[in-house]
Every structure is written in structure tokens, then in C-alpha cells.
Amino acid sequence: MHPLCLFCAAGVLAVVWVYKHAYSPLPVEIPQTMPFSHATHTNPAGVNMQCQSCHTGAEAGAGAGMPVASACLDCHRHILPQDPRLLPLHAAANADSPVYTGEPLAWIRRTPLPAHVHFHHARHTTNGISCAECHPTPDSPTPHTMSSCLDCHRQHALPANCDACHH
Ligand code: HEC
Ligand code: HEC
Ligand code: HEC
Ligand code: HEC
Ligand code: HEC
């Protein structure tokens, strides 16, 4: 092979590497504070909870918010009370438990927007847009992209001015 080609190939690889590392979506398989399955809790044939009962801000304000451990314990004091997977709940909010520390759960956000983008939940959810349109698979969430916002905004004939979404 001509030495220059080797150099080109390395250059292409380097560009690909930089692209992947700088621009690939955030890894969604990062470890979570404790196990949690949306499938278990929202299955209509099972526990059948509504999204808003845990993410109470999603129809009321900018952020959807995350549930506190005491809300989980409303059920889990009685359901699977001895299960080791639920120890973090008892540590956070069950003062009768030997593992109690009172330290709140720190859920890890898996698909946050970069700080330069502004998003307001209630402006969307009170306009008839369902959670599933933007979060079809909450157990393995896909990162939100600029084109996913703009595709829908175009369908609704909304202006695409940059400062609507960017600070
Ligand atoms: C029993 C409470 C509960 C219910 C009901 C619930 N969630 Fe969640 N949700 C959580 C918890 C706990 C987390 C954090 C753990 C995780 O990432 O899975 C979470 C995380 C998420 C995330 C990930 C956000 C991020 O950036 O990390 C999305 C999106 C989400 N939920 C959407 C939904 C939707 C949509 C529904 C209804 C179909 C729903 N949730 C129902 C408790 C709940
Ligand atoms: C409305 C009642 C209810 C609430 C509230 C609730 N759970 Fe559950 N959870 C259940 C039921 C029912 C099961 C299935 C029990 C079984 O397998 O016998 C379950 C199972 C689980 C399991 C075992 C793994 C699995 O998916 O089966 C974990 C872990 C868990 N819940 C975590 C949580 C967390 C964390 C919260 C709060 C964000 C929460 N739960 C809130 C009812 C609830
Ligand atoms: C139009 C799209 C859209 C709709 C509809 C939507 N979300 Fe979101 N959601 C987002 C975006 C974008 C983020 C990331 C926001 C950020 O990082 O600032 C997000 C973040 C979240 C988070 C992470 C925690 C937080 O406060 O940001 C949860 C949980 C969540 N959404 C739940 C819901 C639920 C439940 C509904 C339905 C009631 C819903 N979302 C409807 C786009 C949407
Ligand atoms: C499924 C459709 C849909 C998606 C996806 C969507 N939007 Fe929207 N968005 C709307 C609709 C409809 C409105 C208009 C609501 C109203 O009339 O107040 C809106 C309004 C807005 C507004 C206010 C518009 C203005 O000019 O003041 C902002 C900001 C916004 N969206 C940001 C976002 C961002 C950021 C994302 C992606 C992370 C996103 N949207 C994804 C449907 C969507
Ligand atoms: C409807 C909302 C919305 C509008 C309008 C919008 N953006 Fe974005 N933009 C986003 C979101 C969401 C991201 C974050 C995407 C990600 O993290 O992959 C983003 C990311 C970016 C980035 C970072 C690079 C990237 O691809 O992640 C740049 C640069 C950018 N936008 C420029 C612009 C410019 C210039 C305009 C006006 C022509 C504009 N945006 C209009 C939502 C919007």
C-alpha cells in the first residue's frame, strides 16, 4: 500500500473516532441508583400506574421530576418488603429499617438535554401530546435530538427560530 494511503486511512479513522466520541448519543446503559422497571409498573395488565403519578411535574411545569423513595414505599412496605433489590428505598425513607440513613435517592438522568437547550413539559403535554410520542421506551430511553424537535414543530407549522429553544 502507498504510505500516503495509510496516512489517509488513519486520518479517516481519527475523524470517525472523534465524531463518535464527541457526537454519539449519551450511553443510556449507565448504572442506575437501584433497579427499576417501567414495564412492571405501567403494564395495563399489572400494576397499571400512570406516568404522571411518579413524574408529577410533567403536566404542571418545565421539568417532569423524579419520584421520592417514600412514594415507592407506599406500596413496597407491603409488596416485596424483604427483597434486597429494594434496600435503597428502606435506606432512604424507612425510619424503622436497620439500613435507614435518610439519604434521598439520587436517580441518574440518562437522556438530559445539553444546558444550552430549553424545554418545557407542560407547554407540550397540555397541548395533547402524549408522553409516548417523546418517550416511547422509558426503560431504554433514546436521546432527544434537535431534528426530533424540529420534525414535530414543522408538522405544527411552528417557527424554527433558534432562540425559542436555545438560550
Ligand atoms: C412507579 C413510578 C414510575 C412510573 C409510574 C413511571 N416512571 Fe418513569 N421513572 C421512574 C424512575 C424511578 C426513574 C429513574 C430510573 C430510570 O431511569 O429508569 C424513571 C425514569 C424515567 C425516564 C428517564 C429520564 C432520564 O432522562 O433519565 C423517562 C423518560 C420516564 N421515566 C418516563 C416515564 C413515562 C413515559 C411513564 C409512563 C409510561 C413513566 N415514566 C412512569 C419512575 C416511574
Ligand atoms: C402502586 C404500587 C407500587 C408502587 C408505587 C411502586 N411499586 Fe415497585 N412493584 C410493585 C409491584 C406490584 C411489583 C411486582 C411485585 C412482584 O413481583 O411480586 C413491583 C416490583 C418492583 C421491583 C422488583 C423488580 C420488578 O420489576 O418486578 C422493584 C425493584 C421495584 N418495584 C421498585 C420500585 C420503585 C423504585 C418504586 C418507586 C419509584 C416503586 N417500585 C413503586 C408495585 C409498586
Ligand atoms: C414533546 C416531547 C415530550 C413530551 C410530550 C414529554 N416529554 Fe418528558 N422529556 C422530554 C425532553 C426533551 C426531556 C429532557 C429535558 C431536559 O433534560 O431538560 C424530558 C425529560 C423527562 C424526564 C426526566 C426528568 C425531568 O424532569 O426532566 C421524565 C421523567 C419525563 N420527561 C417524563 C415525561 C412524562 C411522564 C410525560 C407525559 C406526561 C412526558 N415526559 C412528556 C420531552 C418530552
Ligand atoms: C410531538 C411534537 C413535538 C415535539 C417532539 C417537540 N415539540 Fe415543542 N412544541 C410542540 C407544539 C405543538 C408546541 C406549541 C404549543 C403551544 O401552542 O403553546 C410546541 C412548543 C414549543 C416551544 C414554545 C414555542 C415558542 O416559539 O415559544 C418550545 C421552546 C419547544 N416547543 C421546544 C421543544 C424542544 C426543545 C423539543 C425537543 C427536545 C420539542 N419542543 C419537541 C410540539 C412538539
Ligand atoms: C425546536 C427546538 C430547537 C430549535 C428551534 C433549534 N434547536 Fe438547536 N438544538 C435543539 C436540541 C434539542 C439540541 C440538542 C441535541 C442533542 O443533544 O443531540 C440542539 C443542538 C444544537 C447545536 C449543538 C450541536 C448538535 O447538533 O448537538 C447547535 C449548534 C444548534 N442546536 C444550533 C441551532 C440553530 C443555529 C438553530 C436555529 C436555526 C437551532 N439550533 C434551532 C433544539 C432546537
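## Basis

In this predicted model, local features need pLDDT of at least 70 and side-chain atom pairs count only at pLDDT 80 or more, while totals for chains, interfaces and linings use all residues. Residues are numbered from 1 along each chain as its sequence is written, and chains are lettered from A and ligands numbered from 1 in the order in which they are written.

## Ligand 2

The shell around ligand 2 holds 18 residues. A residue is near a molecule if its C-beta atom, placed from the backbone, lies within 6 Å of it. Ser37, Thr40, Pro67, Cys72 and Cys75 are the closest.

Helices H2 (38–42) and H4 (69–76) each supply at least two shell residues. H4 has the largest share, five residues. Helices are DSSP runs of H or I, at least four residues, numbered from the N terminus.

## Ligand 5

Around ligand 5 there are 14 residues. Val117, Met146, Cys149, Cys162 and Cys165 come nearest. H8 (146–155) and H9 (162–165) each give at least two residues to this shell. H8 gives the most, with four.

## His118

His118 sits in the loop between helix H5 (87–93) and helix H6 (121–125). His118 is exposed, because 12 other C-beta atoms lie within 10 Å, and exposed means 12 or fewer, with C-beta atoms placed from the backbone.

Not counting residues up to four places away in sequence, His118 touches Cys165 and His167. Contact means C-beta atoms, placed from the backbone, within 7 Å. His118 and His166 are 48 residues apart in sequence, yet 6.0 Å apart in space, C-alpha to C-alpha.

Methods: A residue is buried if 20 or more other C-beta atoms lie within 10 Å of its own, exposed if 12 or fewer, and partly exposed in between; C-beta atoms are placed from the backbone. Two residues are in contact if their C-beta atoms, placed from the backbone, lie within 7 Å.
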